[in-house]
Amino acid sequence: YGIEWLERPERDFEENTIALLKNLNLKPGMKVADIGAGSGYHSRLIAKEIGNGKVYAVDVEQEMIAFLNERIKREKISNIQPVLGSETSVLLPAESIDLMLLVDVYHEFSFPYEMGTSMYNALKPNGKIVLVEFRMEDDAVPIKTIHKMSESQAIKEMKKAGFRLEKNYTNLPWQHCMVFVK
């Protein structure tokens with residue numbers, strides 16, 4: 001996906017970003033990692049909610065990191081830290097993160113087990129991962145199958161990395177919003 005897709009005007013409506021933010025249960029001072037942050041669409045919304053907290057906007061594409069750095073300067077956001085990750089690691093310090101958000105990114109991982117382990121290590125004890133993925137189970141979701149994921153597949157893969165499903169919110173129009181706990 002390019003920046004145009006990530007920043008499309010209808011995204012708030014299609015994905016119900018307001019409901020997603022509520023689902024995250026953000027608190028001031030939290031340390032949140034936006035994995036596959038892309039253009040920083042969600043990072044900037046989270047940054048507003050967590051006050052003196054910190055958002056680590058992790059992406060594997062140098063182009064996205066450059067875009068993020070420009071956006072942070074332009075919008076004068078002081079609590080977002082872009083991080084160039086790798087295909088096998090989020091490159092964040094051990095037990096440093098309260099919450100990780102992955103929006104339509106997990107299914108793109110070339111090395112899901114390695115990334116799962118890396119995310120597990122970066123999370124604080126009882127830290128959470130929120131996986132937002134287009135619902136494979138729902139034929140009405142107008143997205144190619146290759147970009148969808150089922151709840152059962154997510155549970156299976158996240159369990160291998162040491163996570164258990166706490167809740168799957170059903171309040172988003174097209175996506176699962178699965179909360180996994182370390």
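Start with arginine 8, which lies over the face of tryptophan 5, at 3.6 Å from the ring centre. A charge counts as sitting over a ring if NZ of Lys or CZ of Arg is within 6 Å of the ring centre and within 35 degrees of the ring normal. Lysine 182 does this too: its charged end is over the ring of tyrosine 120, 4.6 Å from the centre.

Before going further, the ground rules. This is a predicted model, where local features need pLDDT of at least 70, side-chain atom pairs count only at pLDDT 80 or more, and totals for chains, interfaces and linings use all residues. Residues are numbered from 1 along each chain as its sequence is written, and side-chain values use heavy atoms, with hydrogens and water left out.

Back to tyrosine 120. Which ring does tyrosine 120 pair with? Rings of Phe, Tyr and Trp (the six-membered ring of Trp) pair if their centres lie within 6.5 Å; planes under 30 degrees apart are stacked, over 60 edge-to-face, and the rest tilted. By this rule there are three aromatic pairs. One of them joins tyrosine 120 to phenylalanine 163, edge-to-face, with 5.3 Å centre to centre and 75° between the planes. Tyrosine 120 is in helix 6 (residues 112–122) and phenylalanine 163 is in the loop between helix 7 (151–160) and strand 7 (164–169), so the pair ties together parts that are 43 residues apart in sequence. Helices (H or I, at least four residues) and strands (E, at least two) are DSSP runs, numbered from the N terminus.

On exposure, buried means under 20% relative accessible area, exposed over 50%, and partly exposed in between, with a 1.4 Å probe and protein chains only. Phenylalanine 163 is buried at 4%, whereas tyrosine 120 is partly exposed at 27%.

Next, salt bridges: a side-chain nitrogen of Lys or Arg within 4 Å of a carboxyl oxygen of Asp or Glu. The structure has ten of them.

Another joins lysine 73 to glutamate 70, at 3.7 Å, N to O. These two are three residues apart in helix 5 (residues 62–75), again about one helical turn. Here lysine 73 is exposed at 60%, and glutamate 70 is partly exposed at 45%.

A further bridge, lysine 128 to glutamate 166, has an N to O distance of 3.0 Å. Lysine 128 is in strand 5 (residues 123–135) and glutamate 166 in strand 7, so this pair ties together parts that are 38 residues apart in sequence. Lysine 128 is partly exposed at 28%, as is glutamate 166 at 40%.

There is also a network of salt bridges linking Glu7, Arg71, Arg74 and Glu75.

Last, helix 3. Why is helix 3 described as largely enclosed by the rest of the structure? Because six of the eight residues in helix 3 (residues 17–24) are buried. Those are Thr17, Ala19, Leu20, Leu21, Asn23 and Leu24. What covers them, counting contact as heavy atoms within 4.5 Å, includes helix 2, helix 4 (41–49), strand 4 (97–103), strand 5, strand 7 and strand 8 (175–181). After helix 3 comes asparagine 25, with a positive phi near 55°.
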